[in-house]
Every structure is written in C-alpha cells, then in structure tokens.
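Please look through the sequence and the model below before reading on.

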Amino acid sequence: MAKFNENFLELKESYLFSEVAKRVSTFKENNPDRDVIRLGIGDVTLPLGKTVVEAMHAAADEMGRAETFRGYGPEQGYDFLRKSIAGHYKIFGVELDEDEIFVSDGAKSDTGNITDLFSRDNTVLIPDPVYPVYVDTNTMNGRNIVYINGTAENDFLPMPDRSIHADIIYICSPNNPTGACYNRDQLREWVSYAIENDAVILFDSAYESFVSNESLPHSIYEIEGAQKCAVEFCSLSKTAGFTGTRCGYTIVPKAVTSTTSDGREMNLNKMWNRRQCTKFNGVPYVVQRAAAAVFSDAGMKEAREMTAHYMKNARIIADTMEELGIRYTGGINSPYIWFECPFGMDSWQFFDHLLEKACVVGTPGAGFGKNGNNWFRLTAFNNAENTSEAMKRFKALFK
Ligand code: PLP
C-alpha cells in the first residue's frame, strides 16, 4: 500500500479564509438588507492595464497564426521577459544576469517549490506573523521550524538572534500581513547573519511595488553580499493586477550555494534550473507577453497608477487609526494596515464585532501566527468610496 507523507498530518487546519467566508455568509443570511464592505482578502480589484491587455491580444493573435504559433517555451521563461525583468532591477541599482532570472506562475508556487532544493535536516527561521505558505510548505517536508517574533516592540520587524543557528531564513518585506518594511541597515544585518551561518535567505518581495519611501530597499540585492546568500521571489500579482493572470519571477544568483552531507558545494542556480526543467513547463506565451508589457514605459505608468489608487485607500485607513490613537503598522509602503484590536478583544472577537456593528469584513491576525492573536489586518484593495464608508462606520464603533 502507498505510504502517506505523514508530515501532512502536522499541518494546522487552514481555516482562516474559509472561516471568514462562513461567518460572513451566516451574517448575510441573517441580515439580508445590510451592506457588507470587504476589506479582508488580499486580492486586487482593478482590471489589467490597457497596455497589458493589448499585448495579450496581440500574443493571442500570434498563437492563432501558423507562422507565429509557439508550442512549448523555455522552462525558465522567454528571453524577452527575462531581459525586461533584468532591466527593472537596474532601477534599483541591481545587475542580474538573465540566466539568474526564472519566470514563474507566481510567488506562491516558487516560495513553496524552492523547498525541493533543501534537505529535511535544516533549521528554518520563519517570522511570526507572516504569509502562511512558508510554514505549511516546510511542515509538508517535515523540517524543523524556529519562529522569530514580530511584535509591537520591534515594529513587527524581527532581527537576527545570534544565539540561534539557522540554515534557511524567510524574510517577507514589505510584510504580509503587517505591512512593515525592513530598511537597508536591518537587511544588512540579516545578510551578515546569513553569511555567518552559511544560511540561505529566501526573500519574498511580492509587495516591492508598494515601497514609496525612497530610502527603503525594493530588493535584497540592494544590500552588498546578498547575491551570495539570497534567493528572491517577486510577482506581478500585486504590482500589475496579475492575481488571476499568474506571472512572477524568482532570482537565483549563480553565487548562492548549499552543501551536501559530504561537503560538496552545490550551485543553487543550476539545481533550481534542473528542478524547473523537470517539474515545470513554463508560463504561457500570452501571459509572458502581457508581463513584458508591464515593464514597458506605458505599462509601468499604468501599474504605478494602480498602486497609487490602492495607496490612497491605505491612507484613509491609516488616518483613521491615527485619529483613534490605535497602534498600527503598514499603510505607507504596503497595501496592508495591521492594527491592535481595540476594546481588549482578540482578533476573532474583533472580527465578529466589526462585522456585526459596522458590516465591515477584515482578517483576524490569528490566521498569520500566534503573534497576531490580538491584531487585525485591513487591506487597501477595495475602492475609495467603500473604504471611506468602512472607515466612517469603524469610527462610529468608538462613539
Ligand atoms: N507572497 C506573499 C507575501 C503574498 O502575500 C502573496 C499573496 O498574497 C504571495 C506571495 C503570492 O503571490 P502570487 O499571486 O504571485 O502567487
């Protein structure tokens, strides 16, 4: 009989969004006339930009003509897109070889798939709270996870603890759910800690396009030494509204290595290439053309307008927190606002309270780790009118 991977039994029930959906649908059944505003889910709402859609149409037409039809493409992504991504990194002052760039169907897949390259016997450092995929994918592989605490005291930006040895380090900046963003000095410390420990940093920059403060880094490779110890994951999901279109990219510099039990140095770029060629057949041509259009001048302008639209909503939410004197992070370099639950409630109690009294849906912090138990996430992905109305109702809770 096939033996099951019992590591799956160690996974915590992933009930966050299903429980949210269940509570909202019960509420709507009981209150059919009340208007519910959703500031919970981290999905975009604006449509794709005009330049992107035109590129998609043109690529679809190419696929319909014998002379321009394309079958299987390169597993690593087409050269035209890898070149555009390398060009984008130049804006941050980062030079990458095109064969260090791997086009993917999104950051979720690759942050999970990268675990294929590492032995089970690694200690993995994961911030709490954070995007739950890192914990679940390592749990599926049976790895030892050590949590580093993000708390109000460290502004939800945990720093290395030199008494702990780690082999693999996850960093998500700007962070989901807290919206907190590491500065250069802080990332420099992480890079030197990784080098001291011979560790690899897995840096998730899915929200880099929301970084507005010019002194903050968009990429870990803005930090000297990072090209020797870090893999970076990015995505067009939030940058350009690709959550349903699916395209991201992973950077595996040629200098990043990992060791075998008999002391041989393995080149992660080569090994990731091997892994992708075995398990992945590339992103659709039409999608890659659309993705390349994001990096054109017109496409970037549209993407920046989308971000600016969401950031106006973030401002409305952050201003409300300021006005009410509620502790919060995010909302400046991130579409997420993470705040301490008022009235001494825990995050699920506040979820119910906000839904019942204000008809507003958010996300309980408990879903992102134990340090989120008394915190709550709102997102900037609704429209301005709904966001303003939601904040008016939010303020009324305090009257
Ligand atoms: N990384 C983080 C931190 C995220 O919050 C998300 C999505 O919400 C992802 C990755 C997934 O991105 P993608 O849509 O590219 O799979």
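In which loop is Pro174 found? Pro174 lies in the loop between β5 (168-172) and α6 (184-196), where helices (H or I, at least four residues) and strands (E, at least two) are DSSP runs numbered from the N terminus. The model is a predicted one, in which local features need pLDDT of at least 70 and side-chain atom pairs count only at pLDDT 80 or more, while totals for chains, interfaces and linings use all residues. Residues are numbered from 1 along each chain as its sequence is written, and side-chain values use heavy atoms, with hydrogens and water left out.

The peptide bond that leads from Ser173 into Pro174 is cis, with omega near -5 degrees. A cis bond also joins Asp128 to Pro129, here with omega near 10 degrees, and Pro129 is placed in the loop between β3 (123-128) and α5 (133-140). Another backbone feature concerns Asp155, whose phi is near 55 degrees, a positive value in a residue other than glycine; Asp155 sits in the loop between β4 (144-149) and β5. As background, most residues other than glycine have a negative phi, and most peptide bonds are trans.

The axes of α2 and α10 (residues 285-294) come within 8 Å and cross at roughly 150 degrees, the axes being lines fitted to C-alpha atoms, for helices over the stretch in contact, and the angles running from 0 to 180 degrees between N-to-C directions. That makes α2 roughly antiparallel to α10, because angles over 145 degrees count as roughly antiparallel, those under 35 as roughly parallel, 65 to 115 as roughly perpendicular and the rest as oblique. The crossing is right-handed, a term used if the near helix is turned clockwise from the far one by less than a right angle. Residues of α2 that meet α10 include Val52, Ala55, Met56 and Ala59, and among their partners in α10 are Tyr285, Val286 and Arg289, contact meaning heavy atoms within 4.5 Å. This contact divides into 11 nonpolar, 1 polar and 2 charged residues, where Ala, Val, Leu, Ile, Met, Phe, Trp, Tyr, Cys and Pro count as nonpolar, Asp, Glu, Lys and Arg as charged, and the others, Gly among them, as polar.

Helix α11 (residues 297-324) in turn packs with α13 (residues 384-396) at an angle of about 10 degrees, their axes 9 Å apart, which makes α11 roughly parallel to α13. Among the residues in contact are Ile316, Ile317 and Met321 of α11 and Met391 and Phe394 of α13, and the contact as a whole comprises 7 nonpolar, 4 polar and 2 charged residues.

How is the chain divided into domains? The assignment, which is of an automatic or database kind, gives domain 1 (6-47 + 299-396) and domain 2 (50-296). Their centres, taken over C-alpha atoms, are separated by 26 Å, and the contact takes 33 residues from domain 1 and 44 residues from domain 2. Between them the domains bury about 3000 Å², 58% of it on carbon and sulfur atoms, buried area being the accessible area (1.4 Å probe) that two parts lose on being put together, summed over both. In domain 1, Met300, Asn333 and Phe368 lose the most area to domain 2, together 21% of what that side buries.
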